[in-house]
Amino acid sequence: MTPAEAGILRPHPDGTGSPGSRIYGVILLVATAGFLGLALAISPSDTGREGMGETVRIMYVHVPVAVACYVAFGVTALASGMYLWKRTAGWDALAAASAEVGVVFTALTLATGSIWGHITWGTWWEWDPRLTSTALMFVLYLGYLALRRAVIDPAARAKRAAVLGLVAFVNVPIVHFSVDWWRSLHQAATISRFNPTIDGLKLLTLMVGMVLGVAVYVWLMIHRFRLQYAEDALEAKGLDIALAERRAEGRADRGDHADHADHADHADHADHADHADLSGGEVLA
Amino acid sequence: MPDGAAILRDARLVVGKDLRLEWRSRVTTNQLLPFALLVLILFAFALDPDRRILREASPGLFWLAVLFSTLLAIQRAFSVETADGVADALRLSGLDPAGIFLGKAVGIALHLAVLEIALGAGVTLFYGATPHGPLLLVATCAAATAGLAAAGSLYGVLSAGLRVRDTLLPLLLLPVVAPVLIAATQAFAAAYERTSGAGWRWFGLLAIFALIYLAIGFFAFEPLLEES
């Protein structure tokens with residue numbers, strides 16, 4: 001577990017939050033409510049010859065989640081590089097947590113983009129360069145998460161995932177560029193893109209939205225990172241727990257029915273493991 | 001500082017070993033080649049053997065068939081390295097990791113080159129597509145094959161030794177090589193339509209892709225090999 005820090009940053013012993021993250025969460029909730037009012041009601045619709053009308057409001061969600069997903073994958077790449085350099089578990093946990101949050105934001109980007117496309121183009125999916133390359137990026141990072149689940153040894157997993165986290169990030173611009181080029185060759189005039197003359201209150205709304213999107217990402221990361229850290233710690237204890245269970249079974253078989261028989265069932269694994277380790281030593285001796 | 005001559009020597013050793021393995025087992029000639037030709041026949045079933053559709057789609061179908069065969073070739077190339085504790089032997093051999101990467105990539109590229117020749121003949125024969133612009137075709141094949149082999153070796157070793165490697169490799173590799181499919185298909189289409197000028201731009205993209213993945217593999221193989 002993380003070292004017990006004093007004050008508002010101390011994490012709750014049975015959770016991933018801390019007083020500080022609670023306060024942050026409440027501020028975020030209020031800010032989101034205010035932002036929704038701004039985006040859905042106060043800001044004007046996009047008028048003008050090539051304007052998007054009311055559908056511009058989807059952009060206030062779409063662009064922030066897209067920005068957040070790029071931030072997330074950037075953090076994954078950075079943490080992967082740092083892991084390969086420093087080889088400490090914290091960087092690996094950060095990369096894993098950020099990739100997972102990033103995949104959620106990518107799914108949201110695709111969904112909001114598709115909804116906007118349905119209203120504007122009349123179809124849920126167009127082979128639009130950005131949609132296509134985002135879909136490929138989504139699958140790419142699903143692969144990253146799948147690789148993390150597939151490798152059992154923590155050190156090997158961290159190393160393979162770190163290489164993949166870096167390579168995937170290098171690959172994003174290649175995919176983006178090639179898909180962009182591919183579509184521009186085939187379509188003489190692409191369907192009118194998100195390119196409105198954005199100004200005043202609309203620009204402010206978009207800016208607030210992007211800041212808020214990154215802020216939500218940070219809040220999710222606080223919790224996801226702590227969860228990842230706790231998962232890794234539990235995994236590291238897994239062998240101790242298994243040993244303790246076998247030893248407890250051994251004691252039970254020899255008729256020593258002390259209260260050790262159902263060790264390491266639930267609750268606080270670490271305590272049980274340490275306890276059983278000591279008593280197990282006696283059995284082996 | 002890596003020693004260039006040693007890396008090349010190690011790469012040659014690995015290529016020689018892989019080619020000897022293939023010479024004795026004949027997996028590529030007896031299994032991969034027939035599979036690739038079978039894929040060409042299946043495309044005809046899917047697209048109606050109307051010669052016009054098949055001919056128009058033949059650049060894309062050719063590279064799709066290459067891509068599917070690449071998956072099998074990589075799985076084969078890395079399953080021989082993980083069986084019977086060969087992975088440990090390879091680590092203990094003292095070969096330079098960059099040399100091993102280069103050797104594996106060149107070995108896979110040679111297998112793919114043979115496959116592409118056969119598939120090219122198949123596309124010409126089955127789909128009636130007459131090739132033009134031989135220089136662009138050969139250059140595209142060379143660059144695309146180098147890119148596929150380099151990316152494939154990297155992802156092959158990433159998923160090597162896992163219980164789910166057979167299902168994981170396509171998920172990891174296919175989105176990554178999507179640009180190769182796009183660029184190689186466009187370059188082939190340009191060559192077939194005798195508009196090679198546009199095709200050379202795609203060749204440039206393929207060459208950059210190959211160089212990037214060769215560079216990544218060069219440096220990433222060491223951390224991937226040193227794990228237990």
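**Cavities, interface and a salt bridge**

Reader: What makes up the lining of the largest cavity, and which residues lie nearest its centre?

Author: In this predicted model, 13 residues line the largest cavity, and Asp18(B), Ala73(B), Arg76(B), Ala77(B) and His111(B) lie nearest its centre. They count as lining because each has an atom within 4 Å of a cavity point. Residues are numbered from 1 along each chain as its sequence is written, and chains are lettered from A, ligands being numbered from 1, in the order in which they are written. Local features need pLDDT of at least 70, side-chain atom pairs count only at pLDDT 80 or more, and totals for chains, interfaces and linings use all residues, while side-chain values use heavy atoms, without hydrogens or water.

Reader: Why is this space called a cavity, and what volume does the largest cavity have?

Author: The name applies because, on a 1 Å grid over the protein atoms alone, a 1.4 Å probe fits at its points but cannot get out. Its volume is about 150 Å³, taken as the space filled by probe spheres set on the points, which are joined across faces, edges and corners. The structure holds 5 cavities of 30 Å³ or more.

Reader: Which helices supply the lining of the largest cavity, and how do its residues divide?

Author: In chain B, H1 (4–25), H2 (27–47), H3 (51–82) and H5 (97–127) each supply at least two residues; helices here are DSSP runs (H or I, at least four residues) numbered from the N terminus. The lining divides into 6 nonpolar, 3 polar and 4 charged residues. Arg76(B) and Asp18(B), both nearest the centre, count as charged because that class comprises Asp, Glu, Lys and Arg.

Reader: What is known of the second largest cavity?

Author: Its volume is about 60 Å³. H3, H6 (134–159) and H7 (165–192) of chain B each supply at least two lining residues, and H3(B) gives the most, with 4. The lining includes Phe78(B), Gly156(B) and Arg165(B), and divides into 4 nonpolar, 4 polar and 2 charged residues.

Reader: How do you know that chain A and chain B are in contact?

Author: Contact means heavy atoms within 4.5 Å, and 31 residues of chain A meet this rule with 31 residues of chain B. The two chains bury about 2600 Å², 73% of it on carbon and sulfur atoms; this is accessible area (1.4 Å probe) lost on being put together, summed over both parts. H4 (129–150) and H5 (154–186) of chain A each supply at least two residues of the side that touches chain B, and H5(A) gives the most, with 17. That side of chain A divides into 23 nonpolar, 4 polar and 4 charged residues.

Reader: Why is the pair Glu81(B) and Lys17(B) called a salt bridge?

Author: Their side chains meet at 2.5 Å, N to O. The pair therefore qualifies, since the rule asks for a side-chain nitrogen of Lys or Arg within 4 Å of a carboxyl oxygen of Asp or Glu. Glu81(B) in H3 and Lys17(B) in H1 are 64 residues apart, so the pair links distant parts of the chain. By this rule the count comes to 13 salt bridges over all chains, with 0 between chain A and chain B.

Note on methods:
On a 1 Å grid over the protein atoms alone, a cavity is a set of points where a 1.4 Å probe fits but cannot get out, and a pocket is an open set with protein on both sides within 12 Å along at least five of seven lines; lining residues have an atom within 4 Å of a point.
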